[in-house]
Amino acid sequence: MTTRTSDTKKPSDHLFGDPEDLLIDRAERARRQWQREIPEIAEQLSPMVLLGRLNEASQVMGRDYLAPAYADIGLKTGEFDVLATLVRSGPPYKLTPTELYRTTMMSSGGMTARVDKLEKAGLVERCPHPDDRRALTVCLTPKGLGLIKGQMPDYIATQQKAVSGLSEKEQQQLSDLLEKLIRSVNDPLGKT
C-alpha cells in the first residue's frame, strides 16, 4: 500500500476529489481545487478562503439558528430586526422609517413592506411625527414590546448555542477581527 501526501495526490474519480476531503469546509475544498487547477495563484487564495468561510458561516447561522428562532415567534428575519431595533431604541419605542432603514440596513422598499405586515399583526403602528406634520414615525405597540422582551432570553440562548464551538476568548477575538474588517471596507479613504 502506498501513502501519498496531499501535494502528490492525483484527483480521484469522485466529483470533489478524494472522499476524505469531503470532511473539510467548502472554502478549503475550493482552495485545493483552484490550487490544483491554476497552481500559479495558489499563494493568493487566502482572501477567497476567508470570504468563503464568512459567507458559509453566515448562511449556516441564519438557516440553522436564527431563522428557526424567528419562526418560533411567527416572524421573519427582517420583521424581528425592525421590532428589536424599536425595543433597543428605548422609550418611547418609536423611530422614523429613515432611522429604522439606517439602523437595520434594509432597503426603504423592504422597510415599508415589513412595517405594513407588522402593523397588520398589531405589533407596530404608524404615529404622527412630533416635529413634522407631514411625517410619520413607527411606534412599537405594547404587544410588540411584550413579544420581543419575552423572547430575548430564548433568542440570546440560541445565539450562544450557535457560537458555542468557540471559547469566549475566541468569540471576542473573532468579533474584534470582524469589526476591524468591517471598518476597513467601510472606510472610503482606507485610513483604518
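**A first look**

Asp64 is partly exposed, with a relative accessible area of 38%; here buried means under 20% relative accessible area, exposed over 50%, and partly exposed in between (1.4 Å probe, protein chains only). Its salt-bridge partner is Arg63, the closest N and O atoms being 2.7 Å apart. A salt bridge is a side-chain nitrogen of Lys or Arg within 4 Å of a carboxyl oxygen of Asp or Glu.

This is a predicted model, in which local features need pLDDT of at least 70 and side-chain atom pairs count only at pLDDT 80 or more, while totals for chains, interfaces and linings use all residues. Residues are numbered from 1 along each chain as its sequence is written, and side-chain values use heavy atoms, with hydrogens and water left out.

**The sheet**

- An open sheet is formed by three strands in the order E1-E3-E2, with antiparallel pairing.
- Strand E1 (94-95) and strand E2 (124-128) stand at the edges with a single partner strand each, so one side of each is left without a neighbour in the sheet.
- Helices (H or I, at least four residues) and strands (E, at least two) are DSSP runs, numbered from the N terminus, and two strands pair if DSSP finds at least two bridges between them.
- E1 is joined to strand E3 (residues 136-140) by two bridges; Lys94 stands opposite Cys139, and Leu95 stands opposite Val138.
- Five bridges join E2 to E3, and Glu125 stands opposite Cys139 in E3.
- Four of the five residues of E3 are buried, so this strand is mostly covered.

**The helix across the strands**

- Helix H5 (residues 108-120) lies across E2 and E3, and runs at about 110° to E2.
- For that angle, axes are lines fitted to C-alpha atoms, for helices over the stretch in contact (heavy atoms within 4.5 Å); angles run from 0 to 180 degrees between N-to-C directions.

**Salt bridges**

- Ten salt bridges are found in a search of the whole structure.
- Arg126 and Asp116 meet through their side chains in a salt bridge (2.7 Å, N to O).
- This pair links distant parts of the chain, with Arg126 in strand E2 and Asp116 in helix H5, ten residues apart.
- Arg126 is partly exposed at a relative accessible area of 30%, and Asp116 is partly exposed at 30%.
- Glu119 also forms a salt bridge with Arg126, with the closest N and O atoms 2.5 Å apart; Glu119 counts as partly exposed at 32% relative accessibility.
- Salt bridges that share partners join Asp25, Glu28, Arg31, Arg32 and Arg53 into one network.
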